[in-house]
Each structure stands twice: as structure tokens, then as C-alpha cells.
Amino acid sequence: MKMQIPFAKRTLANGLDVIVHEDHQLPMVAVNLWYHVGSKNERPGRTGFAHLFEHLMFEGSEHHDHGYFPPLQRAGGQLNGSTNADRTNYWEVVPTGALDLALWMESDRMGYLLPALTGQKFNNQRDVVLNERRQNYENRPYGLAGIALSAAMFPPDHPYHWPTIGSAEDLLAAKLDHVREFFQTYYHAGNASLSLAGDVETHQAFELAEKYFGGLPAGPEVKRIRADAYLSESKNLLMEDRVELPRLYISWHSPAMFAEDDAELDIVADVLAHGKTSRLYKMLVYERRIATDVSAYQLSREMAGMFQIACTAAAGIALPELNAAILGAVMELGHHGPTAAEIERGVAQTEAQFVYRLQTIGGFGGKGDQLNAYNTFVGDPGFFDVDRQRYFDVTSHGAAAAVRRWLLKAPPVSLSVVPRGRRDLALPDASEVRVS
Amino acid sequence: MTVDRSRLPVPGADRPFHFPRIVKRSLGNGLELRAVRHRSVPVVSMVLLVPGGSSVDPADCHGLVSITAGLLDEGSRGQSALEIADRVARIGGDLDVEVGMDAVAVALTTLDRFFDTGLELVHEIVTAPNLANDDFNRTRNLRLERLRQMKDHPAAIAERAFARVLYGSHPYGHLSLGSETALTSMGVDAARALHAALFTPAGSTLVIVGDRAEQELLDRAAAMFDSWRAAASPMMIDRMAALVPPSSTPQTGLAVIARPGAAQSELRIGHVCAPRSTPDYHALLILNTILGGEFVSRLNVNLRESKGYTYGVRTGFNLRRGLGPFVMTTSVGTEVTGPAIQEALGEIRDIAGDRPATELEVQQAFASLSKGYPRGFETAGQVARSVSQLALHNLPDTYFEEFVPRLAQVTADNVSSAARQYLTPAKMSTVIVGDLDKIHASLPGPGLGPHQVLATDF
């Protein structure tokens with residue numbers, strides 16, 4: 001079954017990519033704007049900046065120096081934004097009649113943010129972000145594990161070393177001047193991609209994009225960064241946390257998004273830990289009952305990926321037992337590959353996920369977001385079918401080779417997260433790691 | 001083309017939207033069928049709604065409904081849990097068994113070409129689960145581990161304590177997962193008896209949404225479910241028990257669950273409030289939107305945008321078949337716990353008193369709720385769930401069509417009197433999960449009375 005997201009694309013004179021997709025099912029349009037900047041563009045000592053900046057984008061711009069939410073919510077719109085290591089996105093899903101309003105506001109904050117930026121807004125949003133950090137990381141069980149893993153996987157000067165939320169210390173040291181500099185460097189038409197998906201005619205969408213964004217400056221060219229990372233030897237780490245049950249994380253370097261072996265490792269992650277029939281769930285949770293849950297992901301990003309397995313022990317079980325079982329299953333996959341049935345199942349699930357993603361025009365993961373993701377990372381909004389085809393092409397042989405290349409021949413970082421005072425449950429000889 | 005940046009563009013008129021047409025059929029066994037045609041992508045969604053969720057748990061058996069529902073996809077008709085999971089995976093199915101306070105919903109979304117297989121799966125797991133002893137024990141142990149892990153989650157601890165503080169021994173006083181004591185003492189026989197008593201065609205509703213003619217959707221569903229017969233059960237369940245109001249036992253004004261070293265304080269504030277059937281439902285929606293229902297609500301603007309106390313705060317009237325609660329939910333910095341509670345209670349007091357909702361606020365809340373309304377009908381799954389809610393709350397088929405016109409009739413006076421009638425700050429309970437030693441000094445004394453310290457597994 002061939003499936004597409006039909007679209008039209010134009011690039012404005014200032015470099016802004018505009019992508020339009022018509023879908024008239026609902027009287028709504030999804031506006032989606034990606035800036036190709038994320039925490040990977042930060043530097044040590046100034047972490048957390050891209051995300052703090054995203055917050056400031058909702059605090060008003062020169063010609064509408066009030067909150068960004070009220071006019072749009074009161075027009076029946078839904079809106080949000082998010083930041084990760086590679087990009088920052090902003091979206092509004094609005095009734096068709098409010099499309100002009102959304103574009104007016106998005107373009108005002110692209111063109112005229114700085115005149116409205118004050119020290120007071122800055123201080124307030126920094127407090128909000130510090131609260132976000134406490135709520136989602138510090139006060140959440142296992143919440144700091146991801147931060148510790150990235151720090152151990154990538155050297156201190158690598159852009160994936162620090163977390164997008166940033167360190168509390170850097171956030172407290174951030175200055176308003178840094179914000180200005182950041183905006184001037186990264187927030188302009190030439191570094192952005194705009195998609196309009198939904199109840200709008202293509203020609204009208206292009207006209208509106210030109211009207212609101214065409215007059216904005218292109219801005220300086222953004223240099224794409226590249227950085228390699230590998231581990232020369234395995235690392236064995238330990239963290240005590242306010243948790244009832246210990247959890248083991250194992251993490252390897254893996255291919256970047258859309259790179260060779262990326263799709264293979266996605267399927268491998270499914271075979272290992274997606275659903276009850278997956279190898280690790282079946283063995284550890286269903287049969288031996290020494291774990292309460294297990295997950296595996298190929299976390300692929302623009303410059304590099306991480307293949308990560310996480311497994312929570314059942315009460316009374318120590319992590320070495322889980323470690324041996326997990327590594328055994330990985331080795332087995334590297335030697336013999338998935339069965340034909342496992343591949344078929346993995347591909348069926350992946351295919352369905354691709355179709356489910358076509359159900360919404362906007363928001364996180366909707367069609368507008370998808371078009372921008374493809375445009376930003378591979379320069380082609382129509383990458384949908386190529387992307388999907390990668391999974392149909394996965395073979396047992398290819399998956400086994402990917403496992404050998406990335407997981408068997410390379411050292412991992414292991415992290416034992418154990419209840420306070422229960423280091424005896426961790427992998428032996430682990431060294432303690434702290435996250436500030 | 002130049003842009004006039006001196007003022008914001010005024011949104012144009014709403015384009016018409018037609019709400020889903022619901023086609024009905026009743027089967028001889030009492031099962032109600034609903035079908036809706038939805039033409040976006042080749043996907044079909046179905047929801048089987050069985051009234052009586054965790055509120056029909058027997059008093060000494062909290063968690064029984066949830067574990068029984070959880071066992072549905074742990075093996076059926078002699079096949080193991082792994083075989084069932086394999087069949088779901090092969091159709092790329094998204095299967096979800098959700099246990100609410102008022103109902104159990106078995107939901108499946110799959111690709112259109114697997115419609116028949118999907119229907120067969122739902123039928124099989126609901127009508128012929130194995131309910132085997134070994135699967136029961138395995139599932140129970142996983143749930144006991146989850147209860148242990150809940151102690152790590154401030155939000156989960158707060159939810160559990162809040163339900164108990166508000167409802168005591170009422171059917172809404174416990175969460176669906178139940179308690180360690182109850183789970184440990186229950187056996188598979190109880191699950192079998194409950195399954196027979198709860199999962200009956202009479203009273204249940206099956207909603208199917210997909211891109212096929214409604215009659216075809218109904219025909220296939222009827223062919224599959226026509227032979228479903230309720231089994232005899234030694235257990236009596238009372239689906240009406242939750243409709244009895246909770247006893248007005250002495251209120252706990254302020255309860256604290258100590259969490260030394262917590263980075264934040266998790267808060268819940270509220271009281272028992274109203275049933276879904278209240279005639280003031282639309283006024284309550286507007287009231288909630290103004291008070292804490294959206295980003296620009298009074299509470300979020302005050303606590304997040306102006307004070308920087310929190311990453312976010314929201315309120316809700318969680319209306320149910322019986323009396324549901326009003327609740328404010330947030331997580332705040334440890335050092336501002338006391339002031340945050342005072343501010344929150346102040347906002348609630350104000351909207352029910354000295355600073356009632358204004359005309360403008362009501363208009364704005366109406367716009368927020370009405371203009372985006374079609375968004376809730378974008379996916380087949382959303383439509384199926386919405387239609388199943390009509391069945392649960394006995395709402396007419398014209399409900400969606402009438403929603404906006406009815407909302408438009410709500411006046412500022414209606415909202416103010418709803419606030420006075422449904423919000424009583426003096427009777428609200430506050431639950432805090434946080435570092436008791438550090439927040440102690442900042443706790444509000446007057447008005448809330450002395451705090452009561454609760455155990456984590458309370």
C-alpha cells in the first residue's frame with residue numbers, strides 16, 4: 001500500500017521553506033514552524049539555553065507585547081512548542097478563520113522578538129524552567145538517568161553531552177545578552193521551515209506565507225555542526241535514587257537518523273522489547289519473572305544515535321542477573337538474527353504506526369510536524385515513502401549484521417539505578433555518578 | 001503585500017462542521033451497537049464500553065475490576081497471552097483496556113483491512129478470556145510491583161491520597177489499581193466471578209468507527225457479538241453504588257505525605273462536587289476554563305506566569321455518574337508551598353465571591369471551548385471514545401450538534417452562580433506530598449486547621 005502526504009513546497013527569497021498540505025476534513029489548519037536549532041548548538045557553561053529561549057517565544061513580541069497564548073486560545077486554537085537536541089518546533093492548530101492571526105503572530109515573533117524582551121520576563125521564565133526541571137527530572141524516579149547516560153556516552157565538548165533541559169547552574173548564570181545573541185544567530189527565516197496543513201488552498205497558503213514572512217530578513221548562515229563520538233572502553237556506572245526497584249540501563253552508540261542500520265536497529269528494538277512477544281519481555285517478565293518491565297529504543301538523532309535498553313528488576317532481584325540475560329539475548333540476535341515471523345510482526349507494527357501518524361493534521365507528530373521533520377533533516381518533505389520503505393527492506397541477515405556492528409563490537413555504558421543504600425543490587429565495581 | 005502590525009487580525013467566521021452521524025442497532029442479547037462513518041485514513045477504531053469500573057470493586061477487594069480487565073488480553077479461548085499479543089501485533093493493532101471509575105473500555109484501533117480480525121479479537125478476549133491461575137498470579141505480582149513503584153511517584157501518591165481524603169469508603173475512594181492488602185488476598189476465583197458478573201452484553205455498548213457504510217459496520221459487529229450470552233455468576237455487583245453520595249464525614253482540611261528531600265511539593269486541592277448529569281454542566285465548563293482550564297486561566301497566569309511558582313497548574317470538574325470531584329492539580333517549589341496554596345485558594349474564593357467571572361472572560365472562554373470543538377473529532381479513535389461517552393452518560397445522539405449552541409447560552413450570571421453553588425473553598429481539602437520539615441513553617445494555619453500527616457501507602 002503506497003501512502004503519501006501530498007504537498008507543495010516553495011522557498012521564499014529570504015530562505016524560508018514553506019510546505020503546504022491540503023486536508024479539508026475539519027475546518028482547521030495546522031501551522032507548524034521548525035527552527036533548525038536545539039541544545040546541540042549550545043556550548044558548555046551555557047546549557048539549557050535553546051529550551052529557555054523557547055519559553056521566551058511565548059512571552060510577546062514587538063507588536064503584540066502580551067502573552068502569546070490568549071489571542072490564539074480565544075480563537076479556538078491549540079498551541080505548543082518543544083525543544084530537543086536538534087531542533088525547536090512551534091505549532092498552532094487553529095480554526096480556518098484564524099489562520100491569518102496565527103501567521104501574524106508567528107511572523108511577529110520571528111521578526112520582532114527582541115524589542116519586547118525584558119529582564120523581568122527572562123527571570124520569570126527561568127524560574128518556570130527551573131520548576132520544570134525539578135518536576136520532570138529531579139522529583140521523578142529514574143528522572144536523572146537519561147542525563148547521566150548522555151554525559152557518559154559523549155565527551156564534555158560533544159553537543160549531545162548535555163541535556164536539553166540544561167544544568168541548574170548554567171540556567172542561573174544565564175544572561176539576557178546571551179538570549180539576544182542566540183536569537184540573532186538562529187531565529188530567522190533562513191534557518192526555519194514552515195508547514196501549513198489542513199483546510200487551506202495551496203495557492204492561498206503560499207500567498208499568506210509570503211505576506212507575513214516574505215519581508216523578514218534572511219539572517220546569517222548557520223553552520224551545521226558535526227561531531228563524532230565513540231567509546232574506547234565500556235563504562236559501568238551507579239546512581240542511588242529515591243526508587244523502590246533497581247533498574248539497569250545499557251546504552252551503545254548507534255547510527256544517526258535515517259543512516260545505514262537505523263531502520264534495522266529500530267526493528268531489533270521491537271524484537272527485543274516491544275510487547276509481550278518480544279524476546280526480553282517474554283524471557284524476563286513473562287517466563288522467569290525476574291523483571292517488571294523492559295524497553296529498548298533506537299534513539300536516532302541528527303548527528304548520532306543511542307541504542308538503549310532499560311529493565312526494571314522484580315523485588316529481590318539484583319541487576320547482574322538481568323545484565324547477563326540481556327546481553328545473552330543481544331548476542332543471540334547478533335549471531336542468528338530475528339526470525340521471519342519477528343520481522344513480519346515488527347514491520348506490520350511499523351507500517352501501522354506510519355498510517356496512524358496520518359490521522360492528525362497538526363500538533364506533535366501530526367502531518368504538519370512530519371513534513372517539517374523530513375524537510376529539516378533530509379531536505380525533502382516527501383520522504384515519507386522512502387522512510388517507510390527502509391523498514392520493508394529489513395532482512396534477518398541485515399538486522400544481525402547491525403547488531404554485530406553496533407552492539408557486539410562496541411563497548412556500552414551500563415548504569416545501575418538502585419534504591420538508596422542498596423548498592424549491593426548494582427552491577428559489581430560500578431562507579432558512582434552524580435548529576436548536578 | 002504589507003502587513004498591518006498595528007493590530008491583530010480579527011478571526012473570520014467559523015466554517016461549518018458536521019458532527020458524526022450515529023447509526024444504532026440493538027441486539028437481542030441487550031448489547032447496543034453504534035456505528036459512525038469516518039473518512040480520513042484507512043483505519044478502524046472500536047470501543048466496547050462496559051459500565052461499572054473500579055467503583056464496583058467489592059469493599060474488601062479493591063483492584064479486582066482492574067486486574068480482571070487486565071487479564072482479558074492475557075490469554076483467551078485456550079490461547080496463551082503470547083499468542084494473543086502476537087495476533088494483535090500482526091495487525092499492527094493498538095489495544096487498550098482502560099479501567100475508569102465508572103466503566104471499563106476495551107479499545108482497539110487497527111488498519112481497515114484487518115477489521116474482521118480486530119473485531120474477532122475484541123470479541124474473544126472479552127467473552128472468553130482464560131482467566132488462568134498462573135496468569136492471574138503473574139499479573140498480580142506485576143501489579144504489586146507497580147504499587148511499590150507508585151511510592152516513588154509524588155503525583156501517584158497524591159492522587160491516591162486525594163481520593164481517599166475526599167471519598168473515604170465510598171466507591172470513588174480508591175484508585176483502580178487497588179491496595180497491596182486486597183491484591184495479596186484475592187484469588188483467581190474472584191476474578192472469574194467478577195468477569196461473569198461485569199462483562200455482560202446487556203448494558204454494554206460497542207462503538208465502531210471507520211471508513212465503511214454504517215450498515216456494514218453494524219452487520220459485521222452484529223454477526224460477531226449476537227451469540228454473546230451473560231454467564232451465571234456467584235458474585236453480585238452493584239453498578240448503582242457509586243450514585244449514592246459519599247457520607248459527609250469530618251473533613252480533613254490539610255493532609256501531608258512526608259517526602260524528605262523532595263525537590264517539589266505535589267499539590268491537590270478540591271472537594272466532592274457534582275455528577276455529569278448536572279444541568280449546569282456547560283456553565284461549569286466555562287467556569288473551569290476561566291479558573292484553571294487553559295494556559296491563560298486565572299490560576300496559571302497567577303501561579304506560573306506572574307509568580308513563577310510552578311511549571312503549570314490546572315483545574316477540572318471530573319464529573320462522573322455519581323458525584324465527581326473538583327480538583328486543582330499542580331507541583332510547586334518546596335519553598336513556596338504555603339504561598340502557592342494561599343494563592344490558589346484565594347483565586348478559587350475570588351471567583352466564587354468578590355471577583356466573579358466577567359462578561360469578557362465568559363465570552364473568551366466560550367470562544368476557546370467552541371471554536372476548537374471540531375478538533376475533538378479528527379481521528380476515528382477520538383470519535384469512538386466520544387460516542388461511547390454518550391452511552392455511559394445517557395446523552396442524546398444530538399449532543400455534539402447541540403454542544404456549542406448550549407454553551408452559547410451560558411451567561412456571566414450563570415457562571416457566577418455556578419461558582420457559588422459548586423465551589424466551597426471552606427470545605428476544600430488540600431493534599432501535599434513534599435518535604436514536611438522544610439514546608440512546615442510556610443504551611444497556612446488559619447482556615448485550613450492543623451495538618452494531618454498520612455503514611456505513603458495510606
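Predicted model: local features only at pLDDT ≥ 70, side-chain atom pairs only at ≥ 80, totals over all residues.

Colleague: Let's begin with the rings. Why is the pair of F53(A) and Y187(A) called tilted?

Modeller: The search finds 35 aromatic pairs over all chains. For F53(A) and Y187(A), the ring centres are 4.4 Å apart, and a pair needs centres within 6.5 Å. Their planes stand at 45°; stacked would need under 30 degrees and edge-to-face over 60, so this pair is tilted.

Colleague: What makes this pair a link between distant parts of the chain?

Modeller: F53(A) belongs to helix 1 of chain A, while Y187(A) is in the loop between helix 7 and strand 6 of chain A, and 134 residues separate the two. Both also belong to a cluster linked by ring pairs, which includes F49(A), F58(A), Y186(A) and F295(B).

Colleague: How do you know whether F53(A) is buried or exposed?

Modeller: Buried means under 20% relative accessible area. F53(A) has 1%, so F53(A) is buried. Y187(A) has 2%, so Y187(A) counts as buried too.

Colleague: And L345(B), how is L345(B) classed, buried or exposed?

Modeller: L345(B) lies in helix 11 of chain B. Its relative accessibility is 4%, and the limit for buried is under 20%, so L345(B) counts as buried.

Colleague: What makes you say that a charge sits over the ring of F206(A)?

Modeller: The charged end of R10(A) is 4.2 Å from the centre of that ring, and the distance cut-off is within 6 Å. R5(B) likewise lies over the face of W104(A), with 5.2 Å to the ring centre.

Colleague: How do you know which strand of chain B pairs with strand 11, and in which sense?

Modeller: Strand 11 and strand 12 of chain B share six bridges in the antiparallel sense, and at least two bridges are needed for a pair. One of the partners is F326(B), bridged to F317(B).

Colleague: Last one: what makes up the lining of the second largest cavity, by class?

Modeller: That cavity has a volume of about 50 Å³, and it is one of three of 30 Å³ or more. Its lining has one nonpolar, five polar and three charged residues. Helix 12 of chain A gives the largest share, four residues; among the lining residues are D270(A), H274(A), E342(A) and R345(A).

How values were computed: Residues numbered from 1 in each chain as written. Chains lettered and ligands numbered in written order. Heavy atoms only, no water. Buried < 20%, exposed > 50% of the residue type's maximum accessible area, 1.4 Å probe, protein only. 1 Å grid on protein atoms, 1.4 Å probe; cavity = no way out; pocket = protein on both sides within 12 Å on 5 of 7 lines; lining within 4 Å. Points joined across faces, edges and corners; volume = space filled by probe spheres on them. Nonpolar A, V, L, I, M, F, W, Y, C, P; charged D, E, K, R; others polar. Phe/Tyr/Trp six-rings, centres within 6.5 Å; stacked < 30°, edge-to-face > 60°. Lys NZ or Arg CZ within 6 Å of the ring centre and 35° of its normal.
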